[in-house]
Amino acid sequence: MDFPILSSLILLPSIGALFLLFANESSTKSRQTIKYVALFVTFVNFFISIYLWQLFDKSISEFQFVEEKKWLVGFINYKVGIDGISILFIVLTTFITLLCIISVINSIKSRLKDFLIAILILESLMIGVFCSLDLVIFYLFFEGGLIPMFLIIGIWGGDRRVYSAFKFFLYTLLGSVLMLIAIIVIYLTSKTTDIAKLYELGINPNFQNLLWLAFFSSFAVKTPMWPVHTWLPDAHVEAPTVGSVLLAAILLKMAGYGFLRFSIGLFPIASELFTPLIYSLSLIAIIYTSLVALMQEDMKKLIAYSSVAHMGFVTLGMFTFTQQGVEGSIIQMISHGLVSAALFLSVGVLYDRIHSRTINTYGGLVSVMPKYSILLMIFTLAAVGLPGTSGFIGEFLILMGAFQDSFLVATIASIGVILGAAYMLWLYRRVIFGKLTNNKLLNISDLNKSELFILTCLALPTLFFGFYPEPLLSTIEVSVSNLIEMYNYNLTILSNHNG
Amino acid sequence: MEISLLFLPLLASIISGFFGKYIGDRSSEIITTLFVITSAFLSILIFYNVIISGYENNIIIASWINSGTLNVNWSIKIDPLSSVMLVVVTVISALVHIYSIGYMSHDPHKPRFMAYLSLFTFAMLTLVTADNFLQLFFGWEGVGLCSYFLIGFWFKKDTANAAAIKAFLINRVGDFGFALGIFLIFYLFGTVNYSEVFNLIPEIIDKKIIFLGFNFNSVDLICLLLFIGAMGKSAQIFLHTWLPDAMEGPTPVSALIHAATMVTAGVFLVVRCSPIFEYSVLALNVVTIIGMSTAFFAATVALVQTDIKKIIAYSTCSQLGYMFFAAGVGAYNVAMFHLFTHAFFKALLFLGSGSVIHAFDEEQNINKMGSVWKKLPYTWVMMIIGTLALTGFPFLSGFYSKDAIIEFAYLKGNTTGILAAYIGIFTAFLTSIYSWRLIFKTFHGQYNNEEIKKEKIHESPIVMLLPLIILSIGSVSVGFLFKDLFISHSDNFNFWNNSIKFLNPLNDEHPPFFIIIITPILVILSIPISYYLFIKNKILTHLITDSNKFLYNFFVNKWYFDELYEFIFVKPAKKIGLFFWKSVDVQIIDRFGPDGISEIIKFFSLKAKKFQSGYIYQYAFIMLLGFSAILTFLILN
């Protein structure tokens, strides 16, 4: 494959953004053009990513479609490539971004052009994260992603947007500084930042613990794990709908992906050592945030807390180092990407109409918004992890994997499944069922065409992968088993070496 | 054949659910009903083939989950056990579909209702035809979901919504145990397919396992975990509180889901897993004890309830208890037999009570009824048939199955078995009293309803009576017709084949004569007793309740389970949630985390402001200071 397909994926949205930068927003006609450009670019990108998934060879574990360019000779190499894990995240990114663009061009009124540019640049960076094969460019994409998001919250956000954006920035910055130092240390000791080479060479066991912690501090904030999760509810509440969607659906997944690719891949010994830490924080996240979610009065906050709980399952699954656990956590990330996007969009639908996110404002919507009610039910059930939805496959595999490792951990995590049902169904009941008492709601309109289209696009894969997860599972199978084999192999080699 | 049997209800549900608006109410009703009736005929055909020729089949439809060594398929497994369930599910479902056409005739959401009923039927079919634990779990949660939808069908009623969520959550507690059971099975055997798991069981019977600090025999642990799931679904004591509340749903739903089919899934699970339970003496004892406790507990509560549907709901709870202790003493076939007969007479009672409620314009309180047997002659006759069958009146269906349970429990010979037999006899007496209380208060005595004139009370339309007639024929005859097939003692013919495992053959002696005769005698005696207490001499009834005020209140308040759970689980969960949010997140993490840091930064930037005086020489001086500090540092090194 000579055509640089990955670079095209990364660059295309940026080129689109550049194009928009020089467009003027003054006339309605040019506004229309701006919308079409953004739509076209993201659609083509989605199409390419699906095509890439088709081309992708599921049976081999090596990185594919690798491109390498010397940049700063000896220090920074531009190197990209994908394996079975990254391809799914790339498709998720292009898919969600496309839906976001459709949503934005129908709802955002102020500074539409800038907003689209921010989303397109964000898309480039996110795709970059999922196919970087070099630590330095990974870092650049990873941290670069913060900036557009920071702007989206800070400019198009709600009343307390500055506080939220600042909190978001402060938290993530702290972690990323440590990660940067760790990357420099790796370069100084191993003389390379090429991931494939680092996998082969292995990292000196003496440094692993500190390096692991440095990476962890960055990933833990972004996941987010307890107790560094408090930025997420605030960021979500203040972010515009699409900001929340991108944040929940993709930005959080970059950290989960980071754990898999770097923490586990590069530092097996430290990963094994810190597994109890990850388990404890994940379990606390699952139980604690579920209980907190139960008491929320703001819909977005509730879903934000539920995201923390769901990501708790993700981190739990990865560190079981079992085929089921790791595959489960990848499926859970994809599923959460679809479902949380849909849930935030659903809240946005109501917010656009009534301008309130408070649960008590609503009630009895089923009689005025039947289509909305059906779709929201599907997503609620997927969030609850009901069999027949993608949420079930992820959660169940994670718990199954965890059970192989520790009965206690799996049992406690399973309690979270009960709590998850409690807060989601209670939310649904208070918003959708009951008598319609608020007069404002009497004339509320059901989903319009574009909303219906977007939510249906999210509902179909959620259900499809619930009944037939084979396309996902077969894509990641070889990469995951390779990851686990490598982990076990390194563990034995290095511990023998030490012993 | 199997495929269309399974997917016709799903197809009906999709048509009615998504296109009901376009094809109209009547077409939705006809399509769903016809499809499910077809399913029912196919089931009977399969059941016939199984009886006649021992037909068995295991169809793989598609692969579902493949992850590492975990390989799970979508499948249809036909064996004697699943064929019995197929008949129960589809036949009752078909009758309930027909009945619903009449019962829901004034409801504006008919297509949605029919779609849920058909969807439920599909989920229940996937449950019973699974060949692995994961598909079983799929169906298990699927029927729970449909039950949630149908309990909350009248979404404007807050009580209905609360009941729906309660049902879902308590079932989730049960499913929590069930899921852990599946994890443990996978952990021990590396597979979740029935046939492989059942074959491997004998190899691990001595294996010990430490679970949450306790040392378990692994087979015991599997059984106990699975049984927690069964307790949730079948509303056994401690996890029963959702079932009475579930009566908020429309009555056809109560008949189909909360009497005949879904709630029996727990019994089905235990029977399906007989190859595992047979190796666990501990688990079987637990099953027996829980079963008999539920049977007794629910009967005491049913004695004093005034809501016609809640009485029948507690009665269901109690009868499910019978099925469990039958399974617990190893008489799985008898448990299945009672499940089979119970489906007919309990569906009959529910649909009959629906007819009464329909006549009284949604009134459910039996104290506001009475004296209407002439007005509702068909309903009255069929309710009496149902009651006779339930109480175990000689030669009706309940007589064969319930007495068999008591006999086998007695013959088991161990302490729990004999205890269960005695409790079973006493509970049968209570059952009879509360059932006749219901009949007498509803149909006889004085007319007590002030809102509706007695003249207005009318019999239900034929579309509702037809299913009642068919069910009453079943209630009279299925016990007699199928007793040899289900619980025959002979060795040369075994209907169940390998679908039920008996480690030791069931005891085929005859129990002492008084055990056989005492239940029917009590059952017959209870009719005049109830008549005397609830019609003739109500003062005596009042005297009894007044002199035992404590016990009466205890029963009326359902042994205070709801209050206890509210106090132990619900309130603390909310309090802890609030504490974590307001105190930990906001007061601790944020205060010392980001807000604290930003305070510090603000503090220093204020200090720093003082340095920004604007005079270049001051900057130069500070730069010099810094520069010399670095130099000093370098030199010293």
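Reply: One cut-off first: a residue counts as buried when its relative accessible area is under 20%, exposed when over 50%, and partly exposed in between. Note also that this is a predicted model.

Me: Is B:S13 buried or exposed?
Reply: B:S13 sits in helix α1 of chain B, residues 2-23. Its relative accessibility is 8%. The cut-off is under 20%, so B:S13 is buried.

Me: Which residues does B:S13 touch, not counting those up to four places away in sequence?
Reply: Contact here means heavy atoms within 4.5 Å. With residues up to four places away left out, the partners of B:S13 are B:F18, B:A115, B:S118 and B:L119.

Me: How many residues of α3(B) are buried?
Reply: Helix α3 of chain B covers residues 80-103 and has 24 residues. From first C-alpha to last it reaches 34 Å, close to the 34 Å expected at 1.5 Å a residue. The helix is mostly covered, and the buried count is 24 of 24.

Me: Are α13(B) and α18(B) roughly parallel or roughly antiparallel?
Reply: Take α13, residues 281-304, and α18, residues 415-443, both of chain B. Their axes come within 9 Å and cross at roughly 20 degrees. Angles under 35 degrees count as roughly parallel. The pair is therefore roughly parallel.

Me: Which hand does the crossing of α13(B) and α18(B) have, and which residues make the contact?
Reply: The crossing of α13(B) and α18(B) is left-handed. From α13(B), the contact residues include B:I289, B:M292, B:F296 and B:L303. From α18(B), they include B:L419, B:I423, B:F426 and B:Y434. By class, the contact has 15 nonpolar, 5 polar and 1 charged residues.

Me: Are α3(A) and α11(A) roughly parallel or roughly antiparallel?
Reply: In chain A, helix α3 spans residues 84-107 and helix α11 spans residues 241-266. The axes come within 10 Å and cross at roughly 170 degrees. Angles over 145 degrees count as roughly antiparallel. So α3(A) and α11(A) are roughly antiparallel.

Me: How do the residues of the contact of α3(A) with α11(A) divide by class?
Reply: On α3(A), the contact includes A:F89, A:L92, A:I96 and A:C100. On α11(A), it includes A:V245, A:L246, A:K253 and A:R261. The division is 13 nonpolar, 4 polar and 2 charged.

Me: Where is A:P224, and is the peptide bond from A:T223 cis or trans?
Reply: A:P224 lies in the loop between α9 (205-222) and α10 (231-238) of chain A. Omega from A:T223 to A:P224 is near -15 degrees. Most peptide bonds are trans. The bond from A:T223 to A:P224 is cis.

Me: What is omega for the bond that joins A:W226 and A:P227?
Reply: A:P227 is placed in the loop between α9 and α10 of chain A. The peptide bond of A:W226 and A:P227 is cis, with omega about 5 degrees.

Me: What is phi of B:E362, and is B:E362 exposed or partly exposed?
Reply: Most residues other than glycine have a negative phi. B:E362 is in the loop between α15 (332-359) and α16 (377-391) of chain B. Its phi is positive, near 70 degrees. At a relative accessible area of 46%, B:E362 is partly exposed.

Me: What is phi of B:W559?
Reply: B:W559 is in the loop between α22 (549-556) and α23 (561-592) of chain B. At 23% relative accessibility, B:W559 counts as partly exposed. B:W559 is not a glycine, yet its phi is positive, about 60 degrees.

Terms used. Residues are numbered from 1 along each chain as its sequence is written. Chains are lettered from A and ligands numbered from 1 in the order in which they are written. This is a predicted model: local features need pLDDT of at least 70, side-chain atom pairs count only at pLDDT 80 or more; totals for chains, interfaces and linings use all residues. Side-chain values use heavy atoms; hydrogens and water are left out. Axes are lines fitted to C-alpha atoms, for helices over the stretch in contact, and angles run from 0 to 180 degrees between N-to-C directions. Helices (H or I, at least four residues) and strands (E, at least two) are DSSP runs, numbered from the N terminus. Angles under 35 degrees count as roughly parallel, over 145 as roughly antiparallel, 65 to 115 as roughly perpendicular and the rest as oblique. A crossing is left-handed if the near helix is turned anticlockwise from the far one by less than a right angle, and right-handed if clockwise. Ala, Val, Leu, Ile, Met, Phe, Trp, Tyr, Cys and Pro count as nonpolar, Asp, Glu, Lys and Arg as charged, and the others, Gly among them, as polar. The expected span of a helix is 1.5 Å times one less than its number of residues. Buried means under 20% relative accessible area, exposed over 50%, partly exposed in between (1.4 Å probe, protein chains only).
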